[in-house]
Amino acid sequence: MTTTTTDRETADPSAVRRRVVVRGTVQGVGFRPFVHRLAAELDLAGHVRNGGEGVVAEVEGAPESVAEFCRALTERPPPLADVHEVAYESVPTLGAAGFVIHASDGNGTAQTLIPPDTATCGDCLRELADPADRRHRHPFITCTHCGPRFTISTGLPYDRATTTMAAFELCRECAAEYADPSDRRFHAQPVACHDCGPGLRLTVPGGRPNEGGPALAEARRLLARGAVLAVKGLGGYHLACDATDERAVSALRGRKERGGKPFAVMCADLAEAGRLARIGPEEEAVLTGRRRPIVLLRRRAGAGGLADAVCPGSPDVGVMLPYTPLHRLLFGLPGDPPGPRVLVMTSGNRSGEPIVTDDAEALERLASIADAWLWHDRVIEVPCDDSVVRVRPDGGGEVVLRRSRGHVPEPVALPVPVVPALAVGGDLKNALCLGADDRAWFSPHIGDMGDLATVRAFERAESRLRTLTGIVPGVVAGDRHPGYHSGRWARRAAEAGGLPLRLVQHHHAHIASVMAEHGLHGNARVIGVAFDGTGYGDDGAIWGGEVLIAGYDGCHRFAHLPYAPLPGGDAGVANPCRTALARLRAAGLPWDADLPCVTACTADELRLLHRQLDRGTACVPTSSMGRLFDAVSSLAGICHRARYEAQAAIELEAAAVLAWAEETGAYRFGRNLEPGPVLAAVVTDLRRGVPVTVIAARFHRGVAAAVAEVCRSARRETGADVAALSGGVFANALLDSACAALLAADGFTVLRHRRVPPNDGGLALGQLVVAARTNRCERQGER
């Protein structure tokens, strides 16, 4: 945050007047009411308004009071504000009296953003539960310090007229609060009450419609009876059911065609969450903070009666606490009939589709999943899924695995300036990124770009982000994979706009992303460890087990996992047993009949696979570490057929967790990450009857030791002593912590993601800084 001053002499030395512009996240956070109160406290005259450039104020009064006013803007802004810059200049005094809030001015270039949606504050929760308060049981209670912001915004500057609350005219009492500078709801744009706000409804096919309190009571009753409900939230619909009811959870899983992918749950309170999982002080702070993400927590044995179908095979359970008044009411207030205390809360969509936000669309697209719909008539302008985070068990802080509600649209500071640019990310866990100068803005999580509905959601997200940032891209960046839907979109957009298209190698973008997040300067060079499942390599192979010497301007491969054929290419990822057999063959190890990955295949499948590998038919070479995790998972007998992304690796980690504290042994890789000795050791241990949990732990420790060894070799050759870890494999908490510990003990500075996902959800940031750096673009222009 910087302060810029341009003072000029004024005619009257006994009073001064300054024009002040505050930039950053300063709209929708109570900044104008704060300025109004501050001016009154300091006996200053003038005015304040929202503008395209930020919050703009003029203040006039005693010089020391004006100076204190400017200091307070930076030193004690409102809780939700994020001040990036305060710029001021002296202007002629007017002899004015009083201080007013003017109507917003939409002129000028947008240089501000509204804050993310924020969990209901304590004051509002107290009013919600107070029978004497006029907002008792109001499902949309909010104030200046909490509630929806980003998801209801239709433009800037942020005013009620540029939100979806414009459809609800304030009643007399709400209007009085809105206009009273001493009130907590002074200029709180989503403010409403039972009389003038959105209405809550319950729709049950063939049943009688309910509204308001009766709708909530019936919804709780349905959940207690095992129904699946579609519940409209801040950024989209959720699908909810009783998380302790095995039949209800299994029904939801089957109807949504979810496979075995874990569900997230919402607990009524922190005590309920503590019965499911171990919660330390850091986890508690994240769970109860204003962002209220899904937090991945290590499960307790028995997990508090949680249905087995909630998160089968996972060492973690994703937990969140209520973050809207509607959620709080869904669990019930004191005196309400008892209902479920833990609910599955998963995104309201069919498998592979974007989250549903439109009410009519919800009735249609979720008809085969939901038994009833609990909804309201406040429009969701911006789809925004729940964020997902993990608190690292090694004290390394939290890491965002999905950056969405609660984080978006907070900007990411860039250590290198960029020209206005759009980076489109990848095809999995897609999130796009717009950047200019020293800031970048992510879209909410969009999803996997596998169908037309998701591509359309991507286009809408790109258009909204342009509107809210005011950025007009002069460059488009994307991934080099020739088959990516995101890449095709980038090509069309670049051609249509006459813009340069810059394609960035997948793993270079991963490393550049973590470098940018940590503020590394433009000439920095790191040893980048990029481990994931799939990334298009410069030689046309599938990369994913890469150690790169990398900077923003380029990278080269120092080492990589040796290639092995991937039968069926990307389509073969669903069969870890085939990946295991291909890895065994590449290592010169036989397919003995006693090996679990062999017995998992039929005789016809084995014959076909032999022929396929002999001839190289539909076999793509891969160096992917993610696929090696799949192979070892199947070889150890844990997962042979994957029903969702990374299932085999997740279940391998779950097994390793059980033996991690006791087992310190590690398998040894060969030279340059050669996995043959590891696979041979796994086979030997299996035949010796070593528990699968021990095999899994030894494999994880072996990968970490191999990473440390390769990084030491890279340091000897290059002198680089910074190791950067990125890629989806580092969502694995055991591996992430083990690698960081060994590298730090060896004297490396270790960079790990925190605010930006290590998986492909963070890819766009790396694409942006590699493709759109100002000096890089200037050099290209000179050529």
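Hi everyone, let's start with a contact: Phe-31, Phe-34, Val-35, Leu-38 and Ala-39 of helix 1 meet Phe-69, Ala-72 and Leu-73 of helix 2. Contact here is heavy atoms within 4.5 Å, and helices are DSSP runs (H or I, at least four residues) numbered from the N terminus, with strands being E runs of at least two. The residues of this contact are 8 nonpolar, no polar and no charged.

A word on the source: this is a predicted model, where local features need pLDDT of at least 70 and side-chain atom pairs count only at pLDDT 80 or more, while totals for chains, interfaces and linings use all residues. Residues are numbered from 1 along each chain as its sequence is written, and side-chain values use heavy atoms, leaving out hydrogens and water.

Next, the cores. A nonpolar core joins buried Ala, Val, Leu, Ile, Met, Phe, Trp, Tyr and Cys residues through side-chain atoms within 4.5 Å; buried means under 20% relative accessible area, exposed over 50%, partly exposed in between (1.4 Å probe, protein chains only). The largest has 66 residues, and Phe-629 and Phe-699 are among those with the most contacts inside it. Helix 20 (residues 692-718) gives the largest share, 13 residues. Apart from this core lies another of 40 residues, including Leu-287 and Val-356.

Finally, which residue forms a salt bridge with Asp-269? Arg-341 does, with the closest N and O atoms 2.9 Å apart. A salt bridge is a side-chain nitrogen of Lys or Arg within 4 Å of a carboxyl oxygen of Asp or Glu. Both residues lie in loops, so the pair ties together parts 72 residues apart in sequence.

How values were computed:
Nonpolar A, V, L, I, M, F, W, Y, C, P; charged D, E, K, R; others polar.
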